[in-house]
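Visitor: Could you walk me through this model, taking one feature at a time and giving the general idea before the particular case?

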Amino acid sequence: MKKLDSSLLNMVLVLTCVAVVMGVILAFMNNLTSTPIAQQKEKALADGIKMVMQADDMTVSRIDTLRLLDNKNKEQVFVVYNNEKGAAVESTTNGFGGKLRVLVGFDTEGTILGYTLLEHSETPGLGAKADKWFQEGEKGCIIGMTPSTPLTVSKDGGQVDAITASTITSRAFLLAVNNAYNAYINQKKED
Amino acid sequence: MNYLNIIKNGIVKDNPTFVLMLGMCPTLATTTSAGNGLAMGLATMAVLMCTNFVISCMKNLTPDKVRIPVFIVVIATFVTLLQMAIKAYLPQVDKELGLFIPLIVVNCIILGRAEAFAAKNSPVASLIDGVGIGLGFTLALTLLGIVREILGAGAVFGYAFIPEDYNILLFVLAPGAFITLGYLIAIVNKLK
């Protein structure tokens, strides 16, 4: 077969056809994968809540969405998943590479039971280590602490060891935890 | 052309990373560990096979003056398909590499092979070329990842065997990527 000429008609026709065909393929695939993707997200959240509450079986009794102003008057959104052991609080700060979304579990006293990273864009091998670094038995363990006085890294005079070479990520993470604690306490006062 | 030769060319003579020096951005960015390098290489290989095949199939239907936009639309489609599939069925991979998958669209290896090979050869040969170049890229990325992970994190594919005190953090960071890549290019070109 001879190659098509680069006439205006041919070019417009070919480009349009290619774009339409590819668009249809993408729409089909999107339709196919949108349910599994949504399920994955839900499952990740449900697993996350169970994990940070250190419970195999629990029910979320109430979900509150709090909108608080931070000290720069910017609105921050917190989602509090209340359950029989306390609450799992979702909190977002800006990490080194972008949004850092953390889920922290508190018991009714406000003691940290566990945490997990829901979303982050930290440097692999450095800031991304935050998912393990602050867990029980690791170097920067925060489990069992109560952020009634805000948690800070040791470089800032605090009691938590920052991730090696990732102080910015560590600060952002602890800020998210502190904010989550404040949101939870705030919400309890209102109850 | 002999198919085995095409594959060998992709891995040795035309290795995209060590010889053609294409696609340096994902090469440097994703090889912080052997596993990441391998996953990125395989993802690129999957896209490259599909795009090479499809572009070769429609090479006679593509007017010369609009070939680049047509290629890019095809490439972007396959990358998006891959991204959706990974998000839906491999959430673990998505967590590690999610950020880099869309960047495969602008990986010059893919457009380069479309131009240099698929637009001139038969669909089957193009598919084989995709396998060869893809394997070459995967091998290079994995090798780079292994070296950086051993020196930087004291581990291979996540299995640590060197105590943390002896890790050289530099190799996980960007400068380590450049140093490792430079040495590997020198060694590979000496051996070749």
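**Reading the sheet and its helices**

Guide: Chain A holds an open sheet of five strands in the order β1-β2-β3-β4-β5, with antiparallel pairing. Strands, like helices, are DSSP runs numbered from the N terminus (E, at least two residues, for strands; H or I, at least four, for helices), and two strands pair if DSSP finds at least two bridges between them. This is a predicted model, in which local features need pLDDT of at least 70 and side-chain atom pairs count only at pLDDT 80 or more, while totals for chains, interfaces and linings use all residues. Residues are numbered from 1 along each chain as its sequence is written, and chains are lettered from A and ligands numbered from 1 in the order in which they are written.

Visitor: Which strands stand at the edges of the sheet?

Guide: Strands of a sheet pair through backbone hydrogen bonds, either parallel or antiparallel. In chain A, β1 (60-69) and β5 (112-119) each have a single partner strand, so one side of each is left without a neighbour in the sheet.

Visitor: How many bridges join β2 to β3 of chain A?

Guide: Strand β2 (residues 75-83) and strand β3 (residues 86-94) of chain A run antiparallel and are joined by five bridges; in one pairing, Asn82(A) has Ala87(A) in β3(A) as its bridge partner.

Visitor: Which strands does helix α1 of chain A touch?

Guide: Contact is read from C-beta atoms, placed from the backbone, that lie within 7 Å. Helix α1 (residues 8-52) of chain A packs on the sheet and touches β1, β2, β3, β4 (99-107) and β5 of chain A. Helix α3 (residues 167-190) of chain A also packs on the sheet, touching β1, β2, β3, β4 and β5 of chain A.

**Reading a helix and a loop**

Visitor: Which residues are buried in α4(B)?

Guide: A residue is buried if 20 or more other C-beta atoms lie within 10 Å of its own, exposed if 12 or fewer, and partly exposed in between, with C-beta atoms placed from the backbone. In α4(B), the buried residues include Val70(B), Phe71(B), Phe78(B) and Ile86(B), and what covers the buried residues of this helix includes α1 of chain A together with α3 (34-57), α5 (91-97) and α6 (108-118) of chain B.

Visitor: Where is Ala165(A) found?

Guide: Ala165(A) is found in the loop between α2 (130-133) and α3 of chain A. Its phi is near 65°, a positive value in a residue other than glycine, and Ala165(A) is partly exposed, with 17 other C-beta atoms within 10 Å.

Note on methods. Two residues are in contact if their C-beta atoms, placed from the backbone, lie within 7 Å. Axes are lines fitted to C-alpha atoms, for helices over the stretch in contact, and angles run from 0 to 180 degrees between N-to-C directions.
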